[in-house]
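Here is a friendly note to read alongside the model. It takes the aromatic rings to begin with and then turns to the pockets.

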Amino acid sequence: MEEKVEIENEEAVQAENEAILTETVKSGPFRLLKANPSSYFKRSWMLYLMLFLPMAFFIVFRYIPMTNIVIAFKNYNIFGGVWAPGNPECDGLATGIHATGCSHWVGISWFKEAFGRSDFWFALRNTLMLNFLDLIVGFPAPIILALILNELVFKKFKKFTQTIIYLPHFLSWIIVSSIATRLLAPTNGVVNIFLMENFGIGPIDFLMEKGKWVMTYILFGVWKEMGWGTIIYLAAITAINPELYEAAEVDGAGRWRKLWHVTLPGIRATIVVLLIMNIGRILGIELDRPYTMANRVVMEVADVLSTLVYRVGIRSFQFSLTTAIGLFQSLVCVVFLVAANSLAKKFGERGIW
């Protein structure tokens, strides 16, 4: 009986406290304000004004141009415009013959033509291969570099190293490919001269043999972008609570243990997000890198979708074929992105949405 009375007294006291708190909120200085849209916009109009410019940028330069995707489903004529005039003569509804100068609808004919080309499948294979190797070799590189830089004690040397490794990111691929040509030339290249004089090896033609060209392509990509990628990971490392390192030291953890049990788990969310984004770009590849480093001898492994689009689509004025291939790339990238994000959530990570 006594226990029952005590429980009832506690419930009564709790109910009384809640009633007092509710009354205080309603009548006191902390009373809740009713939602008033007009007063809210009066207070926050500057935020929406600042938001107007980026929204206008995306609408004008991103979303409106996306309407031109219809070119992939038309026999696009540069003089007739993107949108068909919509009369029977232009669409061939009356005569069965499409009028010249019209951008008439052809359905998925351009997709069928793209999938029927052998060079498309070679370019697709090369794109997947090079991007997959970039992911395997290039993705862990900035993580490892960020962990090494974080362990450096001398701040001046650390800043100097960061500056040196960031610089290649600002070089265009035209300059990087010229550097690669000079360094790896079979007769007077610095690398071949060093190998011949010190090890008696060579000359090695790095840019004319298919396997060596792929290796060169991947390594120069890692060298160019590795330093820039470390910025994100170093920022994530600085957000880790220092007390975790102190607690690990108290438990007797050394530098490797702290690295494995504190630093890596602390940046795991950042690693997962960037991995998902990289997987989402598995079929997208820029033009300047393979175009500037490739040559006719290695085109069997160097011809990718971007160079195919440039060579067959743009230079030959087949804009509809170009758009169809680009739309195919985008759809596949979206599929990979959604799949990678769903897989990350199944393993307990937050993902990107």
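1. Welcome to the structure, which holds 14 aromatic pairs. Such a pair joins rings of Phe, Tyr or Trp (its six-membered ring) with centres within 6.5 Å; planes under 30 degrees apart are stacked, over 60 edge-to-face and the rest tilted. One of the pairs is Phe115 with Trp121, tilted at 35° between the planes and 6.1 Å centre to centre. This is a predicted model, in which local features need pLDDT of at least 70 and side-chain atom pairs count only at pLDDT 80 or more, while totals for chains, interfaces and linings use all residues. Residues are numbered from 1 along each chain as its sequence is written, and side-chain values use heavy atoms, with hydrogens and water left out.

2. How exposed are these two rings? Phe115 is partly exposed, at 33% relative accessible area, and Trp121 is also partly exposed, at 44%. (Buried means under 20%, exposed over 50%, and partly exposed in between, using a 1.4 Å probe and protein chains only.)

3. Phe115 also pairs edge-to-face with Phe328, with 5.3 Å between centres and 75° between planes. This pair links distant parts of the chain, 213 residues apart: Phe115 belongs to helix H4 (residues 109-115) and Phe328 to helix H17 (residues 319-346). Helices here are DSSP runs (H or I, at least four residues), numbered from the N terminus. Phe115, Phe120, Trp121 and Phe328 make up one aromatic cluster.

4. Now to the largest pocket, with about 890 Å³ of space. A pocket is an open set of points on a 1 Å grid over the protein atoms alone, where a 1.4 Å probe fits, with protein on both sides within 12 Å along at least five of seven lines; lining residues have an atom within 4 Å of a point. Its volume is the space filled by probe spheres set on the points, which are joined across faces, edges and corners.

5. Which residues lie nearest the centre of the largest pocket? They are Asp134, Glu225, Asn278, Arg281 and Arg289, out of 25 lining residues. Helices H5, H6, H10 and H13 each give two or more residues to this lining, and H10 provides the largest share, 9 residues.

6. Please look at Arg289 again: this arginine lies over the face of Tyr217, 3.9 Å from the ring centre. (The criterion is CZ of Arg, or NZ of Lys, within 6 Å of the ring centre and within 35 degrees of the ring normal.)

7. Finally, the second largest pocket has a volume of about 250 Å³. Its lining includes Pro290, Tyr291 and Arg315, and H16 supplies the largest share, 3 residues.
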